[in-house]
Amino acid sequence: MDRNPAVEPDDVPGGDAREAVRRFFAPDGPLARALGPSFEPRPEQRVMAEAVLAALQTDHLALIEAGTGTGKSLAYLVPAALYDGRTVISTFTRHLQDQLATKDVPLVERALGRPLEAIVMKGMANYLCRRRLDAYLRSAAVPAEHDPRLAALLAWSRETQTGDRAELPWLRDDDPLWREVQSGADVRLGSRCPHFDHCFVTQLRRRAAKARLIIVNHHLFFADLAVPDESPSRVLPAWDAVVFDEAHELEDAAAGFFGARVSSRRVELLRADAARRLQSLGLGGRSGTSGDRRAALDRLDEAVRDVGRLGERLAELAGGPAEGEGAGRRAPLGEALTAEEIGALYRAADDALERVERQLRTLGEGDDELALLAVRCAALRNDLAEVMEGDDEAHVTWIEPPRARSLPPGPVPGSGRRKRRGRGGAAEEEVRLPPGLVLGRTPLDIASLLQERLYARGGPVVFTSATLADHRGFGFVRRRFGLPADALELRLASPFDFERQALLYVPDDLPEPGESGYREALLARTAALLEQTGGGALLLYTSFRNQRWMAEALRALGWEDLLVQGEAPRHVLLERLRAERDAVLLATASFWQGVDVAGDALRLVVIDKLPFDVPDDPLVRARIERIRRQGGQPFGEYQVPVATLALRQGFGRLIRSRRDRGIVAILDVRLHRRRYGRAFLEALPKCAEARTLEQVDTWWRGTPPGRDEV
Ligand code: SF4
């Protein structure tokens, strides 16, 4: 690609980029002027920015851990603006992507006095496909004038400039209506599509081809990297450098795209698209259709039904609970089914898919859309064949059974209707349609894949996060990412004064997790801590079961107005935690990271126990067994480092600004009693420590820092 001229701060006309970075963050520099009185000099931020610039200018790989409050995003946006090439910035969460697009990029642009030429690209499924919308309108059972949701979608499609579903607040995350009209790598027809020039995805790609900064998420980045350079499924234009923020989440996001997966939803979508296209070609009904075509249609119907029946049979054999704890949990395919069952089902499924493909080709002669459907079917067969290669030294094959869940129709746009099942139930806005049955084959580690597909390209790659190191440093993550010896390393402490701002409470008088009386003791200790701080708390759990049990138990003790994950959408829970000074939020999984509640509203974080990965997850188990086979110690080499990074993320929820003060309680006595406990404690920021509630009380009653001390 052509390289664009570097954008340079006004202060250093023609000056060298390193000096420009220093000036940008200086107390009298462009950032200070743009921020005015709210500017705080952050030496760590400037050091990080210089390191990112060095990596970009010397084509190096770099690993940079920067503690909470460093201001990482500006520390890579500014060097990227000064870099002589196109940079992709990849995040894990949508929250960070939004923050970059709406806050950080505009701030840097204001400070520099010129545009960064940045663009946000989401996964293709976020954009409307005009061709599929047309097909859906033609085949919809209820016409748009009698279907308010379809009418709203249609009206929006005529006005929107982006086709981005985020503009539709009434559309649930996994609304079935959207699935019928979304774009996607396998539904795009490319330049043969009649809507190609006005297609939202085409326009997005054209804008991206002119941008210097492209903001994506890890899923889109690796989906793109996993397909060959020349593939029409690629959406990113050529780029020169990549910065991964939230890089601690990179491994699992990448592994998902370097493997293969087949889902019953994919088959259903193929069937629905085929039926719609046949109908629009006047081939849907039997009457008036020629004998050959009628026979081909019959064979297609039969083959599609066979695929469906095989999926049901597979789900039946795989078993597992359809509801409750453990529902839909992945299991190793080889344990769920015998080799004979797998072989027989695979042969039957491949045969049925081959018949679907053949009939689509027969019916689709001269029709691009049916031809594309045949190609999709062939890709499905390929992926199924890859999954069926089974486990080997480097891969694990798994099955995820469907969950039994009903999906009510979405709300009518503008009606403001929000259903809730009541206490203990899931709000309907949160309900996601499961992808049904999923079969997958995932690589056990991505080190060699990153080396072949990413590092071998030769450009700079920066990995950054607040948590990349365990108590021994970067060794673990270097191995997992397959980084060469000359990769740059930088570890920057948080600018926050944890010794003054935070108390780490780890009791030594509770039963261990799993011992009798543990839950009850956890409840009593949690309630005592909530009394101490008067709420303002985030209670983090390692399983939904523990979270649910604790919510019920606390309510029974009189803590009635709890915020509980699953009872309202995430953003609503977080808004209430911020707004209601004494709120208590119980959550698991995704709330261990990306929660940013500064100030007095969050003054207590309680962690129920050390967040070891679930050992029966097929990928975790296969990684553990592989290390063991290679003569290693999986607990110390893999399980403890992974749990350490997760614990550091959970801990990091508490102190979000220099004015925050509060308690992190980890109610797991193994931190004191087991040898590995020290590894966790040493990886946490140094802060005041307590083992008893009396010590907590003394610290809590200590004079809170006055504003002038801050
Ligand atoms: S070009 Fe592809 S995504 Fe765009 S409208 Fe056509 S089929 Fe849909």
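At what angle do helix 10 and helix 11 pack, and how far apart are their axes? In this predicted model, residues are numbered from 1 along each chain as its sequence is written, local features need pLDDT of at least 70, and side-chain atom pairs count only at pLDDT 80 or more. Totals for chains, interfaces and linings use all residues, while side-chain values use heavy atoms, with hydrogens and water left out.

Helix 10 (residues 218-226) meets helix 11 (residues 250-258) at about 35°, and the axes lie 9 Å apart. Axes are lines fitted to C-alpha atoms, for helices over the stretch in contact, and angles run from 0 to 180 degrees between N-to-C directions. The crossing is right-handed, meaning that the near helix is turned clockwise from the far one by less than a right angle. Helix 10 contributes His 218, His 219, Phe 222, Ala 223, Leu 225 and Ala 226 to the contact. Helix 11 contributes Leu 250, Ala 253, Ala 254, Phe 257 and Phe 258. Contact means heavy atoms within 4.5 Å. By class, nine of these residues are nonpolar, two are polar and none is charged. Here Ala, Val, Leu, Ile, Met, Phe, Trp, Tyr, Cys and Pro count as nonpolar, Asp, Glu, Lys and Arg as charged, and the others, Gly among them, as polar.

The protein chain holds 27 helices and 18 strands. These are DSSP runs numbered from the N terminus: helices are H or I with at least four residues, strands E with at least two. Of the 710 residues, 54% count as buried. Buried means under 20% relative accessible area, exposed over 50%, and partly exposed in between (1.4 Å probe, protein chains only). Helix 4 (residues 72-82) is mostly covered, with eleven of its eleven residues buried. Among them are Lys 72, Tyr 76 and Pro 79. Of the contacts with a separation of 6 or more, 79% join residues 24 or more positions apart.

Aromatic pairs come next. Rings of Phe, Tyr and Trp (its six-membered ring) pair if their centres lie within 6.5 Å; planes under 30 degrees apart count as stacked, over 60 as edge-to-face and the rest as tilted. The count comes to 18 aromatic pairs. Phe 612 and Phe 680 have ring centres 5.8 Å apart and planes at 85°, so this pair is edge-to-face. Phe 612 lies in the loop between strand 16 (604-607) and helix 23 (618-629), and Phe 680 in helix 26 (residues 677-683), so the pair ties together parts 68 residues apart in sequence. Phe 612 is partly exposed at 21% relative accessibility, whereas Phe 680 is buried at 0%. Phe 635 and Tyr 676 are also edge-to-face, at 5.1 Å centre to centre and 70° between the planes. Phe 635 sits in helix 24 (residues 634-651) and Tyr 676 in the loop between helix 25 (670-673) and helix 26, 41 residues apart. Phe 635 is partly exposed at 33%; Tyr 676 is buried at 16%.

Ring pairs also link Phe 221, Phe 222, Trp 239, Phe 244, Phe 258, Tyr 455, Phe 463 and Phe 481 into a cluster. The charged end of Arg 457 sits over the ring of Trp 239, 4.0 Å from its centre. A charge sits over a ring if NZ of Lys or CZ of Arg is within 6 Å of the ring centre and within 35 degrees of the ring normal.
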